[in-house]
Amino acid sequence: MTPLDLYAWAGVAVFLLALHAVVTRAHLIWKVLGINLMGTGVFLILLAAPARRDPLVADPLPQGMVLTGIVVAVAATALALGMALRVMSRTGSPFLTVDPESADPDPDAPEPPS
Amino acid sequence: MSGPTDPQANNATGAASETGTGVDHAHVRPLLEDDGSRDGPAILTWMVGLLLVPAGVLLALGLRGAADSRDPRIPDLIAEHLPETGVSNPVTGVLLNFRGYDTLLEVAVLVAAMVAVWSLDRGQRVFGLPAGRARDEPVLAAVLRLAVPTAFLTAVYLTWLGSSEPAGAFQAGALLAGAGVLLTVARVMRPPTAAALPVRIIAAGGVAGFVVVGIAVLPFTGAFLAYPEGWAYPLILGLEAALAVAVAVILVELFVDVPSIPAPDSTLDTVDPTGDPLGRALAPDATPPDPGAP
Amino acid sequence: MTGAELWTTAAVFGPLLAALVALGGRPWTLKAGLALGSGTALAGSLGLWVEVTRQGPVRHLLGGWGAPLGIELWADGFSVAMLTVTAVVGAAVSLYSLSYFGDLSELDAGASPAGRAARYFAPLWLLLWAALNGIYLSADLFNLYVSLEILGLAAAALVTLAVTPKATVAGMRYLIVSLVGSMLFLLGVALLYTEFGTLSLEELAAAAPAGPMAAASLALMTVGMAAKTALFPLHAWLPPAHAGAPAPASALLSAVVVKGSFFILVRLWFAVYGGASDGGLLLMGGLGAAAILWGSVLALRQRSLKRVIAYSTVAQLGYLFIMFPLLAPEGLGAGGASGPASPEWSDDAWTGGILLALSHALAKAAMFMAAGNMTYAVARDALRDISGVAHRLPMSFLAFGLGGLSLAGLPPSAGFVGKWLLLREAISAGGWFWVAIITIGGLLTIAYVLMVLRHALDLKASSGDFRPVPKRMEWAALLLALAAATLGVRATETFQILLQGGVTPWS
Amino acid sequence: MTEPLTVGFVLDGLVALLLVGLVFRLLRTRHLFEAIMLYVAYGLTLALAWVRLGAPDIALAEAALGAGVTGALFLNAWHRMAVRAGADERLPMESDP
Amino acid sequence: MELTPLLTWSALPLAVVLSSFVPGIAIMFLREEQTRLRNTLNMAGAVAKVALVGLMLQGVAAGASYEWALEVIPELSLTLRGDALALLFVTLSAVLWLVTTLYAIAYLEESENRTRFFAFFSLCVTATTGLAMAGDLFTFVFFYEALTWATYPLVVHKGTPEAIRAGRTYLFYTLGAGAILVVGAVWFQVEAGTVQFAAGGVVDGAAVAAEPVTWAFIFAFLLIGMGVKSALFPIHGWLPTAMVAPAPVSALLHAVAVVKAGAFGVTRLLHSLFGIEVAWEMGAAMVVAGLAAFTIVYASIRALAQDDLKKVLAFSTVSQLSYIALGVALLDPLAHAGGLVHLVHQGIMKITLFFCAGLVAQTLGVKKISQMGGVARRMPLTMAAFTIGALGMIGLPPVAGFLSKWYLGLGALGAGQSWVIAVLLASSLLNAAYFLPILKTAYFDEPDPSWAEGEKAPRPRWEADWRMVVPALTTAGFSLAAGLLAASSWSPLGWALFIIERGVL
C-alpha cells in the first residue's frame, strides 16, 4: 500500500462518484461539475497508477497528458456552462426539459389529418 | 440593457417580475438550488450506484495488481533523448517537442470552445462593475495596482522559466487571463468582444504559429514540427510566448462572452418550433436567392 | 520528405489553417476558408489514395520522433477511404452552406441568430473537419482523445446554431453525452498506459492486449465511443440533435461526424485487440441488429421530415456494427486475440461493411441536404407541410430518392454492392440471423423513404408561400446522391484500397 | 509489502480522503454556490496531491487553471443565474453603460 | 445464308441500353412545358434503339458476338451480352417502346407531370433491355431491382389515393420478392462459385445430388424472385391492382416489359443457371410446370368473373405468361421454342388489346364490358384490332397465338407430358369464354346508352386520335404477320427455332 495506490483509488472513487452525479443529478451545472470531476479522477489515476514504485520516478509523459487534459477540461467546461446558460435562457429552467427518446413522434409536429 | 427585472414574467421559474425590492428567496430556488426533485426516481439513483460500486472495487484491485512490477520504460527514454529537445524541463520537452502535435490540438480545442461560445449569444458590450462603483471601490483599486503588474511579471517569468523549471505557457496564460478579467471587471479595459479583429488574430495566433512553424520546418527535416538542429530552443520559446498570450486572450473571451439570461434576442423564444432552424421569416422579402446561383 | 508527409500535413493542418482564415469575419474570409479547407482536404486524401495504392500503408513521424515518444500519423486503406468520403461530403456541404445561410454580405456582426450561424458555421465546421482527418490518421491513443474533444465541442456548437429551444436542449444533451464518452475513453487510455506503458496503437497491437485490465479498458472505450456513435441503447441524443440542427449541420453530423467514433471503435476492436472476443463481437452485432429494427420502426412513426432521416441514421449505423461478428465468421479460435497470427479476416465482410459506411455518408448527406431544401422552401419541417414540394424542387426530390435507394441497398447504389458483400459473407458462414436482419432492414428502410416521398409527391400543393431555393443547394445534394450511385457501379478501386493494410494493419 | 507508517504516508492518506470527501459533499449539496466553493477547495487540494505525486508543473497548472480559472468560470455562470433569479442586486454586472 | 455482320463493335449492347437511358436522364431536367423537345428526345431515343437492335440482330444472325463488361468489384461485374436469346426480348421491347411512345404522347396530352412520366418510362425500358442482355445473375438482379423502383412512379402517376394504394401493393410484392431474390442470388454465388449465365447451366448435377436441400432452397428463393414479376400463382396479386395505371403503362410495362422480365428470368433460371436436365432431375422443373399450368387455368377462371375490361386483360396476361413458364419448363426443344416464341406473340397481341382498351376508355369513357354494347359501330378500326388480338389469345390459326400453342402441344407430346395438351385445350376454351362475349356485345348489341348520348360531335376521320389508332393497328398487323409469315427465318418463330438450333438456350 504505497501513496500511489491511495491516489489511484481516490481517482477511481472521484471518477465514479462524478459519473454517478452526471447520470442522476438533473441540474445542468451539477452535470458540468461532475464532468469536470470525472476528468480530475482520470488524471489522478493517470499519474498514480503507472508510476514506477520503489524510487518514485516522475514520468513526464502522463504529466504532459494531464496538463493537456486540464486545459481541454477548461475549454469544455467553459462551453458547457455557456450552453447551460443558453438552455436556461431558451427554456427558462436549468433542466433538460424536452424528453429526447419519446417513443411517440416529435411532440411539436402537428397532427396529421386522419 | 435590461436591469435585473426580466421582460418574461411567465416563464417556468415564475420569477417575480417586481423589481428587486424585498427580495425573498422563494423564486430563487429553481436556478440556484436543486433539491433533487427533478432527479428521477430514487430507485434509479440507487441502481446506478449499485452498478458503479463493484466496478470501482474491481478497477481499484486491477490497478493495485502487478503495481509493484510496473517498470515503465518511457521515463528513461525521455531522459535519454531530452538533450536533443533543446529544453531541460522534461514536461516542456514532452509538450512542445516529443508530442508537439497534442499541444497544437489542445490550443485548437481552446479556439473551438471560444468560437462555440461566440456562436451561442450576441457579444456583451458591457461587462464588469457599474461605471460609478468601479472608481470609488478603494479595495479594488489597491488590489489592481498590486496584483496586475506582478501577474504580468510572473507570467513573463513563467513562460521564460518553462524550458528548464516546472512552469510553462499554460500556467502563464492562466495568470495573464486572471489579470485580464480583473481589469475588465474593474472597467479599466474594454471587454474584448468577438467583433474586435485584434482579439481574433491573437487568439488564433497560438494555433497559427504552431502550424506555420510545423510546415516551415517540413522541407528541412522531412517531418511536421521536427525542429532542425539548433533551432529547437528558440522556436520552442517563441511558440511558448505565442501560446501564453493566445491562451490568456481566449480565457478572457470565455469569461466575457458567456451568454446572459434572458438572451437579448429573447423575442425569438416565441419562434415556431417546427419552422426554420435559424428563425428566418418566409416573408417575400426573405433573403433573395444567392446572386451567384444561375 | 516523401509524399506521405506532405499529404498527411495537408489533410490535417489544411482545414485547421482554413478555420483560422474563416474566423476573419468578412464574407470573403468565409468563402476563402471553406475553399482552402476543401482544397487541402481533397488534395490530401487523393494524394494519400495514390500513395497507399502504390506502396501500401504509409506513416509520418510527427516531430521526427519514433513510436513510444512521439506521435505517428498512419494512413492505410481504411483511413484513406474515410478521409476521401469526408472530403467529398465536406466540399459539397461547404458549397451548400454558402447559399443556405443566405446572403453573407450583410453579416450583422452576429446580432441575430441567423447572422451568428452564417458567421460561425464555417470556422466550427473546418475545426471539426481537421479533427476528423486527425482521427482517421492518428495512431496514438491520447491524440485520438484530444481530437475527439474538438469533434465533440464543435459538433455540439453546430447543433446549437439553431434558434429553437428544442435544438438548444438537444445540443446541450449531445455535449454532455459527448464529454462523458470522451472521459470514459480517456479512462480506458489511462488503464492501457498503466498496463502496457505506451500510447502507440502499433506497439499496443504488438503487445496483443488480453488481460482483465485490457478487457476493462476496451469495455470503457467501447461504451464511450458507442455513446458518441449513438449505437443502440445510447442513441437517444441523436434524433433531436440531428433533426434540430440547421440543414448543413445535420448533413455533416449524420454523414461524417458519427463515423469518426465508429472508426476508432473498429481500430481498437480489430487492429489493436485482434477481435477481442467472440462474445464481444456477437454483442456488438446484436446491438447493431437492435439498432436497425428500433431505428427503422421509430423512423416510420415520426411526423417531421428531418426526424425521420435522423432515426434513419440510428438504423443505418446498426448495419456498420453487423460487420463485427461477420469479420471473424469461424470465431476467433483460429489464432484469435491470443494466437500470434490473426484469424483469417473475411475480405467480404470488411469491404462490404466499410462500403456501407461510405455509401451511408454520401447518401445521408444528400438526403439531409435535399430535406433541408424542402424545409428551406416552406420553412416548415412537418411531413404534412412539404406536400407537393416535389413538383417545384425536382432535383432535391431526385437526390432524396437516389439517397434512399442507396440506404435501402437497391441498385444502382454503393449500398447494394455493400449489402451483396455482407450477405455473401453471412451466407457462406451460415449466419442466417444476420441475413434476415440485413434483408428486413432494407425493406424497412424502403418503407420510411417511401413514406417521405409519398408526402412530397402528394398532389395538393401546400398553400403557404414558397421561398425559392438557390440552384447551388439543389446541385450539391444531387451530386452527392449521384456519387453514391456511381460508387455502386464502379467500386473496384475502393475495394482494392480497403485491402491495403486491411482489418489488422499492424499484425 | 506494507509501507512503514511514515508521515508522508499519513499526509497522502489524508489528502486522498479529503479529495473524496470534498467530491462526495459537493455532489450532494442543494446550493450551487456551496458546490462551487467546494469545487475550488477540491482544486487546491488536488494541486497538493500533484505535488505529492512529484508533478510540480501539474500542481501549478491545477491551481491556476483547475481551481482558479474553472472556479471563476463557475462563479461567472452563477452570477448570470443570480441576476436572472433577481436574488443578488448588490452586484448587478450589466448596469447601464 | 451467307451474311457478313455489318457492325462488330463489341460495346453495342451498352449503346442499346444507353439509347433509352440518356433521353431518360435528359428529360428529367426538362421543364413541364417543353413538350416538343421532350417528345423529340423520346422518339429519337426509340428510333435509335430500334436501329441499333436491328444492327445487332443482323450481326448475331451472321455469327458475330457482342459482349461488354464493367468490373464493379473484383469478381462481380456488369456484363451485357447480345446473344440470340437476349435479342428475342430486346427486339420486342425496342419495337414496342417506339410504338407505345407515340401512343403515350397522344394519350397523356393534357395530364400533368409528363416530364416525370416519360423520364421514368425511358428508365423502365433501360432496365428491361439491361436485364434482357444481362450476361450474369448479378447484372440481371441489378437491372431487375432497378426495374422495380423505376416502375413505381408510373403506377402512382395519377396520384389518386387508389393509385397510391395500388403502388403500395405493387411494391409490397415486388420489393419483398426482390429481397428474397438478392439473397437467393448471393447464395447461388456462394454455392456454385460463379454467377455467369451459360448455355445448359453452370450447376453440375453431382453437386445438386450431394446437397439436394440447399439447392432446393436456392431454386425456391430464385423462383420466388422471378415468379413475382411473371405473376405465377400465388404471387400474382399485384398485376390486376396495378391496372389503375394509365393505359400506356399497362400496355408496355404490364404486357411487355415488367412481366416479361419475370418470364425471361424463369427461362434464365431453368436454362442458363441450372440447365433444364439438372432442373428436371431435381424435380424443380416439374414444380414450375405444375405451378404454371395451375396459374393458366386459375387466372382464366378469374378473368371470367371480371367486368372491368383492363382487369380481364390483366388476368389474361397472368395466364398467358404461364404459357412461357410452362414451355421452357418441359424437357423438349420444341416446347422451349413454343415458350420463347410466345414471349413475343403474347407481347404483340396483348399490347394491341391494351391499346384498344385505352382507346375505348379515352374516346368513349367506356371502362366496363357491360357498357361496350355496339362500340364496333362507333370505332370499327379499334374493334378490328381488338378482334385480331382476341382471336390470337384464343389461339385461332391466322394469328400468331395459334403457333405458340401448336408448338407447346408438340413439345408436350415430345416430352411425354400429355396432360399439358389438356391444359392447353382447357385454357383455350376459357379464353374463348371470356373474349367472345366481349366481341359479341361490341358488334351485335345496341349502342349502350352510357356512351351513346355523348355522341353528338361528328366522328373524327380516324374515329379517335390517329396517334393512338395507328399503333393499335400496327401491333395488330404484327400479330397477323407473325402468324402468317411464321415460316420465314426472320419471324419470331424463325428466330426462336434459330435460338434452339444455335444451342444458345
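Guide: A residue is buried if 20 or more other C-beta atoms lie within 10 Å of its own, exposed if 12 or fewer, and partly exposed in between, with C-beta atoms placed from the backbone. Helices (H or I, at least four residues) and strands (E, at least two) are DSSP runs, numbered from the N terminus. This is a predicted model, in which local features need pLDDT of at least 70 and side-chain atom pairs count only at pLDDT 80 or more, while totals for chains, interfaces and linings use all residues. Residues are numbered from 1 along each chain as its sequence is written, and chains are lettered from A and ligands numbered from 1 in the order in which they are written.

Visitor: Which residues make up the covered face of strand 1 of chain C?

Guide: Val58(C) and His60(C) form the covered face of strand 1 (residues 58-61), and Arg59(C) and Leu61(C) the uncovered one.

Visitor: To which strand is strand 1 of chain C joined?

Guide: Two strands pair if DSSP finds at least two bridges between them. Here strand 1 of chain C runs antiparallel to strand 2 (residues 72-75) of chain C, and four bridges join them. Arg59(C) has Trp74(C) as its bridge partner.

Visitor: How is the length of helix 3 of chain A checked?

Guide: The expected span of a helix is 1.5 Å times one less than its number of residues. Helix 3 (residues 60-91) of chain A has 32 residues and should therefore span 46 Å; its end C-alpha atoms are 46 Å apart, which agrees. Of its 32 residues, 32 are buried, so helix 3 of chain A is largely enclosed by the rest of the structure. Just after this helix, Gly92(A) has a positive phi of about 75°.

Visitor: Which residues have the most contacts inside the largest nonpolar core?

Guide: A nonpolar core is a set of buried Ala, Val, Leu, Ile, Met, Phe, Trp, Tyr and Cys residues joined through C-beta atoms within 7 Å. The largest has 616 residues, and Ala113(B), Ala154(C) and Ala366(C) have the most contacts inside it. Leaving out residues up to four places away in sequence, Ala113(B) touches residues including Ala75(A), Leu254(B) and Leu153(C) (contact: C-beta atoms, placed from the backbone, within 7 Å).

Visitor: How many residues of chain B are in contact with chain C?

Guide: On chain B, 68 residues are in contact with 71 residues of chain C. Helix 5 of chain B supplies the largest share of the chain B side, 14 residues.

Definitions and conventions. Contact = placed C-beta atoms within 7 Å.
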